[in-house]
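Please keep the sequence and the structure at hand while reading.

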Amino acid sequence: MKKIIFMFLLAGLFSCALQNEIVSISEISIYKCDDRGKGYTTTSAYSAYVRLEELDESQSVTIDSVDCAIVQKIINNSEVSRFRPGKTGLNILFLSLYFNNDRSFHKVILCQNNSFIDYTSKRQYQITSDEDKRLMDSIRKKYNFPMIKW
């Protein structure tokens, strides 16, 4: 009986540790997409993301290291949850983030409701801090993307 209780406690601690994992990002690219004002669901956004990757003429902008550090800070300050299908809103950003933790590029979108959806790790990062929302909006402005209303 004690072993069973210990295993449940250990599993609970392990699941909390996974959610609070600090993310380290070394490179971020933003895909330029001409369908501003179009609404997506998480599934249609993923399909659009795959199309952008496959197109030879698709352009992406690599953001500078200062902005990359800001996005990393914002993601690490966000509330982490499992990815749940739903609507993403209008004017989403299609991002490619290089996570140093698992040494791979992650397919990520920034939704209108100020959340990052990471399709690769199946996680959602909800931006909760007003300061982080302002920082993310300043990055959107800098790279000439429409702002999120919050």
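Which residues are buried in H3? They are Asp67, Cys68, Val71, Ile74 and Ile75, where buried means under 20% relative accessible area, exposed over 50% and partly exposed in between, computed with a 1.4 Å probe on protein chains only. Around the axis of H3 these residues cover an arc of only 120°, which puts them on the same side of the helix; the arc is that of the directions from the helix axis to the C-beta atoms. On the other side of H3, Ser65 and Val66 are exposed.

The model is predicted, and local features need pLDDT of at least 70, side-chain atom pairs count only at pLDDT 80 or more, while totals for chains, interfaces and linings use all residues. Residues are numbered from 1 along each chain as its sequence is written, and side-chain values use heavy atoms, with hydrogens and water left out.

Helices (H or I, at least four residues) and strands (E, at least two) are DSSP runs, numbered from the N terminus. The expected span in the table is 1.5 Å times one less than the number of residues.

| Helix | Residues | End-to-end C-alpha span | Expected span |
|---|---|---|---|
| H4 | 13 residues | 18 Å | 18 Å |

The buried residues of H3 pack against strand E1 (25-31), E6, E8, strand E9 (123-126) and H4, contact meaning heavy atoms within 4.5 Å. In H4, the buried residues are Asp132, Lys133, Met136, Asp137, Ile139 and Arg140. Seen down the axis of H4, they fall within an arc of 155°, so they line one face of the helix. Their cover includes helix H3 (65-77) and the strands E6 (93-99), E7 (104-110) and E8 (115-118).

Asp132, in helix H4 (residues 130-142), is buried with a relative accessible area of 3%. Leaving aside residues up to four places away in sequence, Asp132 touches Lys73, Ile74, Asn77 and Ile127. The side chain of Asp132 also makes a polar contact with the side chain of Asn77 at 3.4 Å; such a contact is a pair of N or O atoms within 3.5 Å, and within protein one must be able to donate a hydrogen and the other to accept it, residues adjacent in sequence counting only if both atoms are side-chain atoms.

The strands form an open sheet of seven in the order E3-E1-E6-E7-E8-E9-E4, with antiparallel pairing, two strands being paired if DSSP finds at least two bridges between them. The edge strands, each pairing on one side only, are E3 (60-62) and E4 (79-82).
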